[in-house]
Amino acid sequence: MEAVHNFSDTELVANIRLGSRLDESIKTIYRNYFESLGWYVINNNGTRQDAEDIFQEVVLSFIDLVQKDKFRGESTVKTFLFSLNRHLWLNELKRRGRALAREEKYGKGQERTSLDVSHLIVNKEDRNKVIELVGKLGDTCKKILVLFYYENRSINEILKTLHYENEQVVRNKKSKCLKQLTAMINENPSLKQTLKNILNG
Amino acid sequence: MDNSTHHNEELLIRYLDGDLSAEEKNILEQRLKQNKELADELESLQLAREAIRNYGLKQQVRNIHSSIRKQIKAPVRQMSRGRKFARYSLAAAASLLIIMIGVLGYNFYTLSPAKIFNANYQPYELSNVRDGGTTKESGIEQAFRNKEFSKVAELGKGSVQLSQRDRFLAGVANAETGNFTSSIDHFKKLLATNQATNTDTMMAETEFYLALVYIRNRDYDQAVDLMTKIHDNPTHPYHEKISGKLIRKVKMLKWR
C-alpha cells in the first residue's frame, strides 16, 4: 500500500511552487479539503458530480496561482481554497442561470467571510479552450511537451522514457512539436489573447 | 521558411529552455529589445509553453482525481428540517406498515379452526333452578350436570325420541368430546324439529354452538351463514358474541 503523506500548509505551498512531489501534494489537498469544500457545493444546490468538478477546478487554480506566486500565505490554505471553491461554484450557478438558495449554507468550521479571488481566477471555459487546443496535437508531441515543459524532465530522461535513438532526435522532435503548437495558437487570435490573459493574470 | 527564420526559432526555443550561454543570452536579449517581430515570436513560444503547462496540470489533477475519488470521504448533504421530518415520518410509517403486515401475516398463518373454536367456545352451564322442582331431571341432564360428557353422548346416541333439551345437551356433549359430526347431527335434528313444529326451543343456543362446531369441522360456509344470521339480529341472545371480525376470520380460514 502506498504511503500517505500529509503535508503542512508551508510544505504544501513549497512543493507546489517547486513542482516537486506534486502527486502527493494534490492527494493531500483532496484528503484534507474535499469533504468540506464538496459539502458547500452539495448543500448549495449542487450535486456530487458538481462538487467533484468544482474541486478539480479549485485544485487546478490553486496550483496555478501558487506557481505564479499569487498565493503568498496571506491567508491559510484552507481559507484560500474555500474562497476559490465558493467563487467557482457561484460562477457556475450564474452560468446555469440559477441563483443561490435564499440562504447560503456553510458547513461546520467554514468561514463565512471569504477572500475576493475573482481577479485571480482563470475562467474555466477559457482554460478548457486552451487545453482542448493542446489535445489536438499528436500523442507523441503531447507526451514530449508535457514531460519537458510541465514535468521539467531533461532531454536525457525523455530519451529513456520514450526510447528514442539519441538526445538530438528528442530535441528535434520537441522543437517540431512546440513549433506546431505555436502555429496553432497564432492561427487563432482570440485564443491567443485568452492565453495572454492566462499567462499574465 | 528561410534559414535565418529557422535559426531564430531555434535560438528562441533554446532561450525559452534556458539552454543559451550567458553571452548568447545577452546578445539575444539586446536583439529582442529592438526587434518587435522577434519579441512577438518569443511571446508565441511562451504562450505555447503556458498552454502545455495548463494541459499537463489538468491531466495530472484528473488522473489523481480518478484514482483517489473512491478513497476520500464523500461530502454529505445536510437535510432541511422539513426534509428530515418527511424522512423520519416516512420511516416511521414504513416501520408501522411492516409491523402491521407482520401481525396480519402472523395472524393469518397461525389462524386455525381449532384456535377460533377454543377462543369462542364456552362450556354450557345448566341452570340450577328447575321449574319449581316439579319436573324430574332426565338422565342426560344429570350426566351433563356432572360433566360426564361421554355418558351424555352415549345416552343421546341410542334414543330416537329425545326431548329438544336433551338433544341440545347431547349436541354440546359431543362437541365437548370432540365428536363434531355427531354434534352437528344432533343440532340439525333439533333445528329441523323446531321448524316442523313451528317452535323455537333451545334455538338461539343451538345456532351459536352449531356455528362453532361447523367452524371446528371446517364447514366454513355453513358456519358463516349461521354467524351472519346471529350477527345481523340484534335481539339474538348470542348477537354480542359473534362479531364482524370473527366472521371475517372464518372467511379468511377458507383461504388457508
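The buried residues of H8(A) are A:Val170, A:Arg171, A:Lys174, A:Cys177, A:Leu178, A:Leu181, A:Thr182 and A:Ile185. Because these residues span an arc of only 140° around the axis, they fall on the same side of H8(A). The other side of the helix carries exposed residues, namely A:Gln168, A:Asn172, A:Lys176 and A:Ala183. As in the rest of this predicted model, the description rests on computed geometry. Helix H8 of chain A runs over residues 167–186, 20 residues in all. From its first C-alpha to its last, H8(A) reaches 28 Å, close to the 28 Å expected at 1.5 Å a residue.

Of the 256 residues in chain B, 25% are buried. When contacts in chain B between residues at least 6 apart in sequence are considered, 49% of them join residues at least 24 apart.

The two chains also meet each other, in a contact that draws 43 residues from chain A and 32 residues from chain B. On the chain B side, the elements that give two or more residues are helix H1 (3–16) and helix H3 (36–68). Of the elements on this side, H3(B) gives the most, with 21 residues. By class, the side of chain B that touches chain A comprises 15 nonpolar, ten charged and seven polar residues.

Note on methods
Residues are numbered from 1 along each chain as its sequence is written. Chains are lettered from A and ligands numbered from 1 in the order in which they are written. This is a predicted model: local features need pLDDT of at least 70, side-chain atom pairs count only at pLDDT 80 or more; totals for chains, interfaces and linings use all residues. Two residues are in contact if their C-beta atoms, placed from the backbone, lie within 7 Å. Helices (H or I, at least four residues) and strands (E, at least two) are DSSP runs, numbered from the N terminus. Ala, Val, Leu, Ile, Met, Phe, Trp, Tyr, Cys and Pro count as nonpolar, Asp, Glu, Lys and Arg as charged, and the others, Gly among them, as polar. A residue is buried if 20 or more other C-beta atoms lie within 10 Å of its own, exposed if 12 or fewer, and partly exposed in between; C-beta atoms are placed from the backbone. The expected span of a helix is 1.5 Å times one less than its number of residues. The arc is that of the directions from the helix axis to the C-beta atoms.
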